[in-house]
Amino acid sequence: MIDTKKLTVSASPHQKSAATTTRIMLDVIIALVPAGIAAVLVFGLRALAVILVSVVSCVLAEFLSRKAMKKEDTVTDLSAIVTGLLLAYNLPAGIPFWIVALGAVVAIVVIKQMFGGIGQNFINPALGARVILMSAFPGRMSAGAFADTNRIGWGVDTVTGATPMGLVGLDGVKEGAPTLMEMFLGTTSGCIGEVSALALLLGGIYLMVRKVISPIIPCTFVATVAIFCTFAQGFDMYAVAYELLGGGLFLGAIFMATDYTTSPITNKGKLIAGIFCGVVTCIIRLWGSLPEGVSFSIILMNVFVPYFEDWTAPTPFGFIKEKKQKKAKEETKA
Amino acid sequence: MAEAAKRSALGELTKGFVKENPVLRLVLGTCPTLAITTSVENAIGMGVAATLVLIMSNIVISALRKVIPSKVRVPCFIVVIAAFVSMIQLLVKAFAPGLDAALGIYLPLIVVNCIILGRAEAFASKNPIGLSALDGIGMGIGFTVALTLMAAIREFFGSGNLTLKVLGFGTTLTDLFGLGDSNVLSAIHLEPIIIFILAPGGFFVFGLLVALVNLLSSRKGGDPSELNCCNVTEDADGNLVLVADGKTIVMPKVDTTPQVKKVEKSGKEAAEA
């Protein structure tokens, strides 16, 4: 008798790593926690409520849409929770809850499930929803909200002034802008999850140590913005630091430009994607009519991913280039 | 025999409503569909104008179908269509100047509306006058209904209002509820979602409606590929693939390679199609 359990003959892969979708998504959720804590400290409990509404709506939308399409349930892979968190982090704290829920439905149903669910969407669901909400409710989405850090409460003092990105331009940083330390810690106005560069960096380092994300895209993205702004701002390093810490650059570069589904798999492709995002972000920030360009740059990059992968496809071992092949043929003929 | 003819006449009239709806099933006339469906009033105006042109041009082209040489048929169709569009445009300018201002360039652009040229090419140039007129009426109604449906969705969510007006007569939803300058969505503590009346919203609503109609017709057992429009494409091997009336005909490319292989290939493709 042969022990069939020990002699399983199957197609490759034969050795699997412990990395499952659920585990990766759990890591991303853990990495997003510091930014969430910072958001609650800065904006109060209203921010927590927005995050909860977003996550619950995303999970419900995922569950119901999979059920309606009679496909297997994918709530347990936790990707809907990540989308919900990222969507909430991209919204101002004072936004009405029904708009949050609407954004969650757009992200999960229209952008993710209609294109085939996890791994099939062509743009990042949370960012796609953010851009749609920005076009749908421009006034609501640009209203910066900022509460006193000493007071953790339900209320949010909505500051209808310019967010940090509205205070920096080609002519440098304008008066009334927060200091660099305030921007690094996150005690400024802006979207829920984007304000604290410190918290986002902590999460990013965790993800890189856990090898969930490759550092290529975040590093090239931020470096490109830094270099581009250095030249565009005429070597005004204060303005450059302001550009780096302000807006959603860290949130976008660490958590959204690195989304597996919508970023290139090849390392060279990632390099191109990071540089592309940085250049587009700077162009929109400095010369565009919008104060912030991170989300649009990442969505544009998402659309170009097939080309980046095509250009940087690695050559298989033993592959002979067409020209050499012709030469080899001619030689054999001769 | 007479009954069969009657049934097919009814079929030619009703096929444009849902089964072969020009906008949502044949995906023709997309440009005006996306551009003018920002209010119900505009959609009805555009739908009626295009329907009138469609019926008249179908009748005239059908009457001339034996006279028009096939080599220059498209210019001939365009001349006929352009004549009717000019007439409609002058009428709209004279009697509904508001609609003329709202539709703008899209009114004269009915000349190049794919639905009208498509029906002329695919139907009126091959069928008798009566059937062509019925086809025009059916397709026109299908076009108008699709436009109105799309405009209703976009206008309601985009501005919280509906302009239920034809040629300036009628009312709006806000007047109906006596809301004045406010809108219905604000009245129930929501806000107009302005992306619906912007161009991207047009694409979203259009895509969702096409998906919905495809879903409905696939549930009824209809095959999405069974459309009464002629479609000639060239496949990877250079064979001509002709799709018409739900049948697929593969015409092998004429070349010097052994015929046996070619026949096998085209047989396989026909089976796949």
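## Burial and fold of the two chains

Buried residues make up 33% of the 273 residues in chain B. In chain A, 47% of the 334 residues are buried. A residue is buried if 20 or more other C-beta atoms, placed from the backbone, lie within 10 Å of its own; it is exposed at 12 or fewer and partly exposed in between.

Chain B has eleven helices and five strands. Chain A has 14 helices and two strands. Helices (H or I, at least four residues) and strands (E, at least two) are DSSP runs, numbered from the N terminus.

Two residues are in contact if their C-beta atoms, placed from the backbone, lie within 7 Å. Take the contacts in chain A with a separation of 6 or more: 75% of them join residues 24 or more positions apart. For chain B, 70% of contacts between residues at least 6 apart join residues at least 24 apart.

## Confidence

This is a predicted model: local features need pLDDT of at least 70, side-chain atom pairs count only at pLDDT 80 or more, and totals for chains, interfaces and linings use all residues. Residues are numbered from 1 along each chain as its sequence is written, while chains are lettered from A and ligands numbered from 1 in the order in which they are written.

The pLDDT is the predictor's confidence in each residue, from 0 to 100. Chain A has a mean pLDDT of 84, and 87% of its residues reach 70 or more. Residues 147–161 of chain A fall below 50, yet this stretch has 34 contacts beyond near neighbours in sequence.

## Helix α9 of chain A

Helix α9 (residues 216–232) of chain A has 17 residues. Its expected span is 1.5 Å times one less than its number of residues. That gives 24 Å, and the end C-alpha atoms are 24 Å apart, so the two agree. After α9(A) comes A:Gly234, with a positive phi near 65 degrees.

The buried residues of α9(A) include A:Phe221, A:Val225 and A:Phe228. Its buried residues pack against α8, α10, α11 and α12 of chain A.

## Where chains A and B meet

Five residues from chain A and seven residues from chain B form the contact. Helix α5 (residues 125–136) of chain A gives the largest share of chain A's side, three residues.
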